[in-house]
Amino acid sequence: MADTPTTTPDHRQRIATLLGLLTSEEAQETLSQRLGRPRLAYELACAWFDDVYVPSERYMDGLKGDLAPEAAETFKDAFDPVELAAMERFHRFFELRIDMLPDAMIASRCIPMDDRWRSLMKDAGYLLEDIGGNVEDLRRRLAADGKASEEIAAIIKLKN
C-alpha cells in the first residue's frame, strides 16, 4: 500500500525540529526540567537514530533489523543530494560520539552534557543551516513554549 500524503511524515520538518532542539541550549534547558539534561540528551539521540534519520542502520541500542527500503527512499526524496551527504556526515559524527560512551552510560539512558555533546550541538547547527533551516527562528520558537509542543512530542518521547 502506498503512503498517502496524510500518513507520510514531513521528513524535512522532523529533521529541522530535532536539529533545532539539538542546537538550542534554551530549548534543552526547558525540556530537561522534567527528566534532567543527561536523560534528555539520550532521548534526543534516540529520536535521531530510532525515528527521525530514517536511513540509519542502527538504533541506539543495536542494529536495525527492520530497515524499510521504501521508507528510506521516501526520506531521501525529501532532500537534495548535497543535503543527504551533509546528513550522512552528521550521522557518522553522531555515531562516533555515541560509540565513545561507556556501555554502562547507555544502559542508564544518560548522555553527559560534556564537550562531546557541545560539539554535537554545534554540528547540528551547521546541518540545520545546510538544509535551509532558520536556526535562530527555530530556537526561539522551540524555547518560547514552556511545555513540549505536539511537534516536539511527536519526535522525542519525554517519559520520566
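Helix 1 (residues 11-23) and helix 7 (115-130) pack at an angle of about 140°, with their axes 8 Å apart. Axes are lines fitted to C-alpha atoms, for helices over the stretch in contact, and angles run from 0 to 180 degrees between N-to-C directions. The model is predicted: local features need pLDDT of at least 70, side-chain atom pairs count only at pLDDT 80 or more, and totals for chains, interfaces and linings use all residues. Residues are numbered from 1 along each chain as its sequence is written, and side-chain values use heavy atoms, without hydrogens or water.

**Helix 1 and helix 7**

- Helix 1 and helix 7 are therefore oblique to each other; angles under 35 degrees count as roughly parallel, over 145 as roughly antiparallel, 65 to 115 as roughly perpendicular and the rest as oblique.
- Their crossing is left-handed, a term used if the near helix is turned anticlockwise from the far one by less than a right angle.
- A16, L19, G20, L22 and T23 of helix 1 meet W117, M121, A124, G125, L127 and L128 of helix 7, where contact means heavy atoms within 4.5 Å.

**Helix 1 itself**

- Helices are DSSP runs of H or I with at least four residues, and strands are runs of E with at least two, numbered from the N terminus.
- The 13 residues of helix 1 should span 18 Å at 1.5 Å a residue, and its end C-alpha atoms are 18 Å apart, which agrees; the expected span is 1.5 Å times one less than the number of residues.
- Eleven of the 13 residues of helix 1 are buried, meaning under 20% relative accessible area (1.4 Å probe, protein chains only).

**Helix 1 and helix 5**

- Helix 1 and helix 5 (81-99) pack at an angle of about 45°, with their axes 14 Å apart.
- The contact joins R12, I15, L19 and L22 of helix 1 to E83, M87, F90 and F94 of helix 5.
- The buried residues of helix 5 include E83, M87, F90 and F94.

**The largest nonpolar core**

- A nonpolar core is a set of buried Ala, Val, Leu, Ile, Met, Phe, Trp, Tyr and Cys residues joined through side-chain atoms within 4.5 Å.
- Of the 43 residues in the largest such core, L19, W48, F94, W117 and I156 touch the most other members.
- Helix 3 (37-52) gives the most to this core, with ten residues.
- W117 touches L22, Q28, A41, L44, F94, I111 and P112, not counting residues up to four places away in sequence.

Definitions and conventions:
Buried means under 20% relative accessible area, exposed over 50%, partly exposed in between (1.4 Å probe, protein chains only).
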